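Subject: The model we talked about

Hi,

Here is the structure I promised to send over. Have a look at it first, and then read on for what turned up in it.

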Amino acid sequence: MCQVDEDYNGQLDRDEVLSFSKKCVKCKEATAVLVIRAGDMFCSGCFKEYFVHKFRAMLGKNRIIFPGERVLLAVSGGPSSCSMLNQVQEGLSQNAHKKLRFIPGIVYIDEGGALGLSVEERQRTVDELQSMFKATGFPYHILPLEEVFDLPSSVLEESSPSSEQPDITYKAAVDHFIQTNRNCYLSPEKQADLTGLNIQESHTHSLQQIFGSIKTLTAKEDLLQTLRQHLLVHTARSKGYSKLMLGDNCTRLAVKLLASISLGRGAQLAIDTGFSDLRYGDIITVRPMRDYSAKEVSFYNHMYNVPSVFIPTLDTKTTDKASVLRLTESFVTKLQAHFPSTVSTIYRTSEKLQTIQPSPSSSTAHNWDKCLLCMCALDTNVVEKASAFQATLISELLSQRRASRPVDTASPTLRPEFQGPESTAAGGVGCERAACGGGCCSSVKAPESTELKSLLCYSCQLTIKDMSSADLLPQYILSEAQRRKRRSQMREEIREFLLDEDY
Amino acid sequence: YCYPISLGGAELLFDGVKEHQVTLPSQSEPWDMKQLLVWIQRNLLKERPELFVQGDSVRPGILVLINDADWELMGELEYQLQDQDNVVFISTLHGG
């Protein structure tokens, strides 16, 4: 391998590839048309089989979607989610081998408001997608991102799952389902006739304000992702779906994994990139496309005419270094070009990640131990003395000018022993009445962005820090933040009177 | 020689036009993909060349199909074009 003058840029494989008739590795008869991974070449027919099988196997292996369940498919219009939609369609059709057995619905969130697209452009895209959704026969919901302003703050709470499926095993559920539905197939629900987007202009303006107040593209992307996720979960809940299917493919997840580490989301990697995401409690998010590389998806869509719509996003036509995500994507794709097992290696690593489950006394895992925005466990509330996070807090403290630091009554990000002389007021909350709202008796109201910090995980803190003012966030976030602050204060006050949790 | 070229996702860089019928000027040796890319960059690409080509080849993340087959199986840049060959460029960098 280590020879002088050896060029590693795939030249090793090149010579044999120049002969035109490579046979499919599976059927060994037909000519291969596609190379997947390193050296696996498939013909068109075998590739289709492999593709379709992978989808069903992914769902079957994980046994999370029970027969008859209502599943919401989040379609962004891009190739992966449209491919997912297509697979669901095929899987539900009558003549499918090993039919899928759930009831699907489609949701599309139009983010044109955040991108500054005109109403006509957005309507055009929506029309195109609508005709695509209509052709599937599934019920669909098209929402503008502006609807985040109408979300209730309960969307930020983890709901307990509805008690419909008590401990029934997957196998028993399937058997039961087959018995009762032997002769009739699952007819998809009737589609509602929806006309166009209902966009409130004031909301669009507020949305643009939010994104305009954020300096870096990285933070914009992160916030967009968060808002979109909230809206998806809310839609699933309000329309009665119990599962949400996202179309992230392998390449995208590999990029997300590496980018998350760069953004300080290392603690949440397993949830962000795993097959199933249980952070919302009642709605489980699944990613059935996570085993497909972007190349496989694109090729399949092209060969089998799966329609997709090109929709620009925040990082369209940006340079490589525009945001962390963009840079990571560029890094991974370039590496993948020369080392075709890059993406799958990262993917395999992500499969091994698991979240440590909180201790069995889960009654204490209240909402205020979860991040306000991403709803993952907070990694900033227990600050060990020698941790890296503690170091960043100290340096932040030291780099702030003492005179201008406002009296913070409600941000216990630092342990009391680390606060300097300014801690006089911080220690004693001095609020006699528990019914006092956040901000208490202090006449100096601490800036909003500081107040949110204690409720956010590290990476969400970084995102909010990038906003010029957290007041611009939609009301549901702010009111939930205030509620948690009040609860946390109350807890502090009555702490001495609470029985020890280990008791 | 006439070649239909299609773009999936990359049409933003080509004025939004997805399908192009390309007639290459005749020359003594047959055209290969490498030369085709240079030609595209000079004549069809409307903006931001770095988002489509990188060095001699296409940017990583852009899938190239020649007559519906992966170009990796055809020799990539060395493949010599034949009349009516259909070339498709699909950007895999977008959408999910």
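Let me begin with a serine in chain A. A polar atom of the A:S323 side chain lies 3.2 Å from the backbone nitrogen of A:R326; a polar contact here is a pair of N or O atoms within 3.5 Å, where within protein one must be able to donate a hydrogen and the other to accept it, and residues adjacent in sequence count only if both atoms are side-chain atoms. You will find A:S323 in the loop between α11 and α12 of chain A; helices (H or I, at least four residues) and strands (E, at least two) are DSSP runs, numbered from the N terminus. With a relative accessible area of 4%, A:S323 counts as buried, a word that stands for under 20%, with exposed over 50% and partly exposed in between (1.4 Å probe, protein chains only). Apart from neighbours within four places in sequence, A:S323 is in contact with A:L217, A:T218 and A:E221, contact being heavy atoms within 4.5 Å.

Two notes on how to read all this. This is a predicted model, in which local features need pLDDT of at least 70 and side-chain atom pairs count only at pLDDT 80 or more, while totals for chains, interfaces and linings use all residues. Residues are numbered from 1 along each chain as its sequence is written, chains are lettered from A and ligands numbered from 1 in the order in which they are written, and side-chain values use heavy atoms, with hydrogens and water left out.

Now to the salt bridges. Over all chains, the search of the whole structure finds 25 of them, each one a side-chain nitrogen of Lys or Arg within 4 Å of a carboxyl oxygen of Asp or Glu. One joins the side chains of A:R228 and A:E111, at 2.5 Å from N to O. A:R228 sits in helix α8 (residues 217-238) and A:E111 in the loop between β4 (103-110) and α4 (112-115) of chain A, so this pair ties together parts that are 117 residues apart in sequence. A:R228 is partly exposed at 25% relative accessible area, whereas A:E111 is buried at 13%.

Another salt bridge pairs A:K334 with A:D320, with 3.3 Å between N and O. This pair links distant parts of the chain, 14 residues apart: A:K334 is in helix α12 (residues 324-338), and A:D320 is in the loop between α11 and α12 of chain A. Both ends are partly exposed, A:K334 at 33% relative accessibility and A:D320 at 24%. Elsewhere, salt bridges that share partners join A:D248, A:R265, A:D272, A:D277, A:R279 and A:R287 into one network.

A:R287 deserves a look of its own. Where is A:R287 found? The answer is the loop between β8 (284-286) and α11 (294-303) of chain A. A:R287 is buried, with a relative accessible area of 2%. Its salt bridge to A:D248 has the closest N and O atoms 3.4 Å apart. A:D248 lies in the loop between β6 (243-245) and α9 (250-262) of chain A, so its pairing with A:R287 ties together parts that are 39 residues apart in sequence. A polar atom of the A:R287 side chain also lies 3.3 Å from the backbone oxygen of A:I271. Beyond neighbours within four places in sequence, the contacts of A:R287 include A:L246, A:L253, A:T273 and A:F275.

Chain B has one helix and seven strands, in the order β-β-α-β-β-β-β-β from the N terminus. Of its 96 residues, 57% are buried.

How many residues of chain B are in contact with chain A? There are 30, and they touch 37 residues of chain A. The area buried between the two chains is about 2,800 Å², with carbon and sulfur atoms giving 61% of it; buried area is the accessible area (1.4 Å probe) that two parts lose on being put together, summed over both. Two salt bridges are counted between chain B and chain A, including one where the side chains of A:K295 and B:D70 meet at 2.8 Å, N to O. On the side of chain B that touches chain A, β5 (62-66), β6 (69-70) and β7 (87-91) each supply at least two residues.

Happy browsing!
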